[in-house]
Amino acid sequence: MRILLISANTETINMPVLPLGLGCVAATIQNAGYDVRLLNLQDHTDGVTVVRKTVEEFQPDVIGISVRNIDDQNMGSPKFLLNPVKETVSVCRSTTDAVIVLGGAGYSIFPQAALDYLHADFGIQGEGEAAFPELLDRLRNKTRLSGIPGLFFQRQQIQGGPKRIKNLAEYPLPLPDAHIRIPDTLRGEDIWLPIQTRRGCPMDCNYCSTGAIEGRTLRQYPPEKIITMILRYVDAGFDRFFFVDNTFNLPLSYAKNLCNQLISANVKIIWRCILYPWKVDEELVNKMALAGCKEVSFGFESGSIKVLRKMNKKYRPSDVRKISERLKATGIHRMGFLLLGGPGESKDTVMESLNYADSLELESVKVTIGIRIYPGTSLAKTALKEGVIETGDDLLFPKFYIAKGLKGWLEETVAAWMEHRPNWII
């Protein structure tokens with residue numbers, strides 16, 4: 001069987017992102033003996049033409065389309081990103097009778113709603129390496145599809161929740177050029193290759209969609225497997241890496257082990273990661289710096305204990321300050337994130353957070369006003385109770401939570417605050 005995999009994401013909301021997840025799926029099904037071709041629409045200015053041409057030339061039996069983003073999470077002027085994907089599905093439909101299957105992080109948050117909107121044949125929620133090969137095998141052998149976890153078709157889910165991979169070591173990681181390459185349209189830019197060492201997040205923040213995408217059980221690749229992957233990409237010319245784990249520092253022992261192996265490998269790279277500002281000791285920070293870490297995304301979200309508790313955060317502002325000082329001492333660039341307007345927020349807590357963020361003297365701060373509401377989260381339950389959303393709203397089209405009494409004032413206050421802070425962005 002011939003399998004065409006399309007990365008439909010063309011947005012660069014914060015930075016150009018290479019399709020790591022699709023690369024993992026490609027490596028897995030290629031190892032299973034399928035004839036695989038990848039198409040990254042970031043690499044083309046005319047997506048419609050290249051999709052039609054690729055389908056006509058390759059004649060795939062199955063087309064997998066990865067959906068990374070649903071919208072840009074901007075409450076002020078939200079940009080809905082599924083219409084170009086819908087056009088891609090339509091072009092495939094008009095060109096071939098191949099089965100069309102959706103997947104990806106964005107799709108996994110809204111598996112039924114996105115499938116119905118995009119009019120594909122099937123969708124797979126969760127890790128594609130687990131369910132997609134099984135679906136392909138059954139399609140090839142023309143056997144029943146019931147029992148495949150996380151498999152959806154329009155207006156009806158076939159079987160239960162998604163399957164989570166317990167032992168990531170059993171699955172291949174994508175190889176340079178074969179599964180991931182820098183698009184010609186992005187050559188010359190600073191490209192950070194995404195690397196995921198762990199999946200799942202047990203933190204259960206009240207607004208977060210990670211549980212729907214990766215589950216809440218934390219699973220890890222063997223550090224040796226990650227180092228081998230990095231070395232292969234270094235040989236292919238990459239020298240910048242982005243560890244996209246939601247919580248690079250958790251568990252602490254794993255993070256230290258990974259840093260130790262990077263140091264021992266003596267690989268000349270620079271990298272960035274995402275820190276959960278809790279349980280980051282001085283030893284880890286020093287190891288990160290020695291291993292080549294140059295920047296962290298530091299999502300402390302608020303300077304108010306009251307608001308942090310509403311978000312179900314485990315840390316306190318004093319924890320954040322201590323970790324921030326440790327990072328500064330090693331020269332690691334800190335990009336802080338403020339998330340304003342959630343449950344429990346008031347004008348007083350907003351000002352408390354703005355002043356607190358100022359006091360950290362971070363190299364850069366990104367401010368988000370209003371919180372995107374995702375299905376299945378505690379925030380969605382709060383929004384329903386308060387009448388912000390209605391029963392039955394699938395939330396595919398973006399809805400945002402902002403605490404009562406803050407709309408308008410919050411936007412004006414943040415705009416005025418940022419006028420004299422060029423390192424703050426929104």
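At what angle do helix H9 (residues 252-265) and helix H10 (residues 282-291) pack, and how far apart are their axes? The angle is about 30°, and the axes lie 9 Å apart. Axes here are lines fitted to C-alpha atoms, for helices over the stretch in contact, and angles run from 0 to 180 degrees between N-to-C directions. Helices (H or I, at least four residues) and strands (E, at least two) are DSSP runs, numbered from the N terminus.

The model is predicted: local features need pLDDT of at least 70, side-chain atom pairs count only at pLDDT 80 or more, and totals for chains, interfaces and linings use all residues. Residues are numbered from 1 along each chain as its sequence is written, and side-chain values use heavy atoms, with hydrogens and water left out.

H9 and H10 are therefore roughly parallel to each other. Angles under 35 degrees count as roughly parallel, over 145 as roughly antiparallel, 65 to 115 as roughly perpendicular and the rest as oblique. The crossing of the two helices is left-handed. That term applies if the near helix is turned anticlockwise from the far one by less than a right angle; clockwise gives right-handed. On the H9 side, the contact is made by Leu 252, Ala 255, Lys 256, Cys 259, Asn 260, Leu 262 and Ile 263. H10 contributes Glu 283, Leu 284, Lys 287, Met 288, Leu 290 and Ala 291. Contact means heavy atoms within 4.5 Å. By class, the residues of this contact are nine nonpolar, one polar and three charged. Ala, Val, Leu, Ile, Met, Phe, Trp, Tyr, Cys and Pro count as nonpolar, Asp, Glu, Lys and Arg as charged, and the others, Gly among them, as polar.

H10 also packs against helix H12, with axes that come within 10 Å and cross at roughly 30°. This crossing is right-handed. Glu 282, Val 285, Asn 286 and Ala 289 of H10 meet Arg 326, Leu 327 and Thr 330 of H12. Three nonpolar, two polar and two charged residues make up the contact.

A further helix pair is formed by H1 (residues 20-31) and H6 (residues 128-141), packed at about 45° with axes 9 Å apart. H1 and H6 are therefore oblique to each other. Their crossing is right-handed. Cys 24, Val 25, Thr 28 and Ile 29 of H1 touch Gly 128, Glu 129, Phe 132, Pro 133 and Leu 136 of H6. Six of the contact residues are nonpolar, two polar and one charged.

Seven strands form an open sheet with parallel pairing, in the order S8-S11-S12-S13-S14-S15-S18. Strands S8 (193-195) and S18 (424-425) stand at the edges with a single partner strand each, so one side of each is left without a neighbour in the sheet. Two strands pair if DSSP finds at least two bridges between them. Three bridges join S8 to the parallel strand S11 (residues 240-243). Ile 195 has Phe 243 of S11 as its bridge partner. Helix H12 (residues 317-330) packs on the sheet and touches S12 (270-275), S13 (293-301) and S14 (333-340). Its direction makes about 165° with that of S13. S11 and S12 are also parallel and pair over four bridges. Arg 240 stands opposite Ile 270 in S12.

The structure holds 19 salt bridges (a side-chain nitrogen of Lys or Arg within 4 Å of a carboxyl oxygen of Asp or Glu). One joins Arg 181 to Asp 43, with the closest N and O atoms 2.7 Å apart. Arg 181 lies in the loop between strand S7 (156-157) and S8, and Asp 43 in the loop between strand S2 (35-40) and helix H2 (47-58), so the pair ties together parts that are 138 residues apart in sequence.

Two backbone features remain. Most residues other than glycine have a negative phi, and most peptide bonds are trans. A cis peptide bond joins Leu 250 and Pro 251, with omega about -10°. Pro 251 lies in the loop between S11 and H9. His 119, not a glycine, has a positive phi of about 65°. His 119 is found in the loop between helix H5 (111-118) and strand S5 (122-124).
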